[in-house]
Structure formats: C-alpha cells, structure tokens
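Work through the exercises below with the model in view. Try each task before reading its solution.

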Amino acid sequence: MTVTKNKWEPTHGDPYRPVPYTPARMDAAESLARAAELRTRMDERRTVRQFSTDPVPDQVVRDAIACGATAPSGAHQQPWTFVLVKDPDVRRRIREAAEEEEQISYEGRLGEEWLDALRPLGTDEVKPHLTDAPALIVVFQQRYWLAEDGTKRKHYYVDESVGIAVGMLLSALHLSGLAALIHTPSPMRFLAEVLGRPVNEKAFAVIPVGYPADDCQVPDLVRKSLDQVMVEI
C-alpha cells in the first residue's frame with residue numbers, strides 16, 4: 001500500500017519508495033498544436049516596468065506560485081520561500097531600501113561595462129514598479145533546512161533549483177494574463193530584515209506582479225532566434 005504524505009517533511013536517510021507514474025500519452029497532433037501555441041504565447045512575454053495600480057485576482061497569483069513550487073530541485077529539498085507582499089506600507093519600505101541601494105549602484109558600484117549593458121533597457125535607480133504593482137513576490141533561497149529546535153540539513157543545488165522555480169513562476173504569471181519583472185537590487189540583505197525572514201533564507205529576487213499600465217512601454221529588443229540558441233547533434 002502506498003502512503004502519500006499531505007505535508008512535506010525532511011526525507012534525509014529515508015529509503016527509496018517508488019510509486020507508479022503513468023500519465024496519459026498525448027497524441028502527436030495535439031502535442032504539436034500545444035507546443036506551437038505555447039511557443040507563440042511565451043514569445044509575447046515581456047518584462048514590464050510600468051504597472052497599473054489596478055488589483056489582480058489573489059488566487060491567480062497564488063496558483064502561479066504553486067506552479068513555480070512544482071519545479072525540480074536538488075534532492076527534492078524544494079529550497080524556496082515565496083513571500084507575497086500586498087501591504088502598501090511594506091511595499092513602500094522595500095522600494096525606499098531598494099532605491100537607496102540602486103542609487104549607489106548606478107553612481108559607480110556597477111561599473112561602466114555593466115551600465116553600458118543596461119543602457120538599452122532604459123533602467124535607472126528609480127523603481128516605481130515596487131509600489132505601483134499591486135503585489136510583490138519576494139523569492140528567498142533556503143540555504144539549508146532549519147528545524148524549530150535548531151537542527152540543520154544541507155540543501156543541494158540551491159541556486160539552480162530556485163532559478164528553475166522562478167522561471168516556472170514567470171511562465172505561469174504570463175500565461176495567466178499578468179505581467180511581471182525580475183528585480184534584483186544588490187545587495188538584497190534588507191529584504192530579509194523588512195520581511196522578517198529566518199537566518200537560513202537569502203533573498204533571490206523581487207518580482208512585481210500586475211497588469212501593464214495603459215501607457216506602458218518596453219525596450220525595442222530582439223530575441224535570439226532558435227538557431228542561435230540551440231545546437232542539434
């Protein structure tokens with residue numbers, strides 16, 4: 001008899017217990033159609049920095065986070081925490097702290113080469129998206145598992161695991177009709193302080209979520225073609 005746990009618990013040292021996995025196989029025609037539609041829809045995704053202040057459905061955001069949390073992870077440790085921030089005062093505090101760090105960065109900490117790379121994107125130290133967007137998702141890496149009694153367990157491939165989860169989150173948000181932005185103010189230590197996160201967590205990214213503003217503009221960019229990013233052998 002297979003027992004399915006309803007709540008994740010640490011599995012260090014547990015024996016291997018396989019269960020059947022028999023998803024229905026999609027026929028080739030449907031697979032081709034879905035892949036083509038997904039490719040078209042994902043090609044429409046853009047990073048947005050000008051957000052409407054209109055509210056978004058809370059459950060859509062929660063479901064997108066749940067999709068991100070299905071990502072594969074090293075040793076299935078799922079080393080991520082998604083903090084959904086809707087409180088206007090908390091978003092204001094995050095913006096103030098982020099802009100303080102960004103001003104230092106744009107005034108010299110980034111270096112001229114990095115600033116040259118950013119110039120075509122039209123970014124600067126002013127970050128209105130942090131307060132205009134009705135929700136922020138602050139993603140934290142759990143550098144290690146920490147029990148209430150102080151017991152620690154190492155996590156593996158944390159950067160890779162959380163990066164995949166964020167990519168899946170962005171896809172879910174876009175496919176649900178919402179816009180988003182990856183914001184990584186550096187350093188990001190202030191996020192753990194503002195949000196009261198435990199010592200085993202390290203901020204990975206801030207993701208404003210909402211609808212594009214009516215007058216939203218994005219950089220005139222060109223994505224690499226498939227033959228520029230794929231090698232087939």
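This is a predicted model: local features need pLDDT of at least 70, side-chain atom pairs count only at pLDDT 80 or more; totals for chains, interfaces and linings use all residues.

**Exercise 1. A backbone exception**

In which loop is His76 found?

Solution. Step one: find the loop. His76 sits between α2 and β1. Step three: check the surface.

**Exercise 2. Another positive phi**

Where is Tyr157 found, and is Tyr157 buried or exposed?

Solution. Start with the place. Tyr157 lies in the loop between β4 (152–154) and α6. Next, the backbone. Tyr157 has a positive phi near 50°, and it is a residue other than glycine. Last, the surface. Its relative accessible area is 60%. The cut-off for exposed is over 50%, so Tyr157 is exposed.

**Exercise 3. The overall layout**

How many helices and strands does the protein have, and in what pattern do they follow along the sequence?

Solution. Count the elements to get eight helices and six strands. Now read along the sequence: α-α-β-α-α-α-β-β-β-α-β-α-β-α. For the extent, take the C-alpha trace, which spans about 60 × 55 × 40 Å along its principal axes. Then turn to burial. The protein has 233 residues, and 33% of them count as buried. Finish with the contacts. Take those between residues at least 6 apart in sequence; 82% of these join residues at least 24 apart.

**Exercise 4. A helix pair**

At what angle do α2 and α6 pack, and how far apart are their axes?

Solution. Two packed helices are described by the angle between their axes and the distance between the axes. Locate the pair first: α2 covers residues 58–68 and α6 covers residues 158–175. The angle is about 145°, and the axes lie 7 Å apart. The crossing is right-handed. Now list the contact residues. From α2 come Ala64, Ile65, Cys67 and Gly68; from α6 come Ala165, Met168, Leu169, Ala172 and Leu173. Sort them by class: eight are nonpolar, one is polar and none is charged.

**Exercise 5. The cores**

Which residues touch the most other members of the largest nonpolar core?

Solution. In soluble globular proteins, nonpolar side chains tend to be buried together. The largest nonpolar core here holds 21 residues. Phe82, Ile137, Leu169, Leu173 and Ile207 touch the most other members. Next, trace the elements. Those giving two or more residues are α2, β1 (80–85), β2 (135–142), α6 and β6 (201–210). Of these, α6 gives the most, with eight residues. Now follow Leu169. Leaving aside neighbours within four places in sequence, Leu169 contacts Ala64, Ile65, Gly68, Phe82, Ile137 and Ile207. A second, separate core has 17 residues, among them Val90, Ala98, Leu191 and Ala192.

**Exercise 6. A cis bond and a span**

Which residues does a cis peptide bond join, and how far apart in space are Ala36 and Gly74?

Solution. The cis bond joins Ser186 and Pro187, with omega about 0°. Pro187 lies in the loop between β5 (179–180) and α7 (189–195). Ala36 is partly exposed, at 42% relative accessibility. Gly74 is 38 residues from Ala36 in sequence and 30 Å away in space, C-alpha to C-alpha.

Technical notes
Residues are numbered from 1 along each chain as its sequence is written. Side-chain values use heavy atoms; hydrogens and water are left out. Axes are lines fitted to C-alpha atoms, for helices over the stretch in contact, and angles run from 0 to 180 degrees between N-to-C directions. Helices (H or I, at least four residues) and strands (E, at least two) are DSSP runs, numbered from the N terminus. A crossing is left-handed if the near helix is turned anticlockwise from the far one by less than a right angle, and right-handed if clockwise. Contact means heavy atoms within 4.5 Å. Ala, Val, Leu, Ile, Met, Phe, Trp, Tyr, Cys and Pro count as nonpolar, Asp, Glu, Lys and Arg as charged, and the others, Gly among them, as polar. Buried means under 20% relative accessible area, exposed over 50%, partly exposed in between (1.4 Å probe, protein chains only). A nonpolar core is a set of buried Ala, Val, Leu, Ile, Met, Phe, Trp, Tyr and Cys residues joined through side-chain atoms within 4.5 Å.
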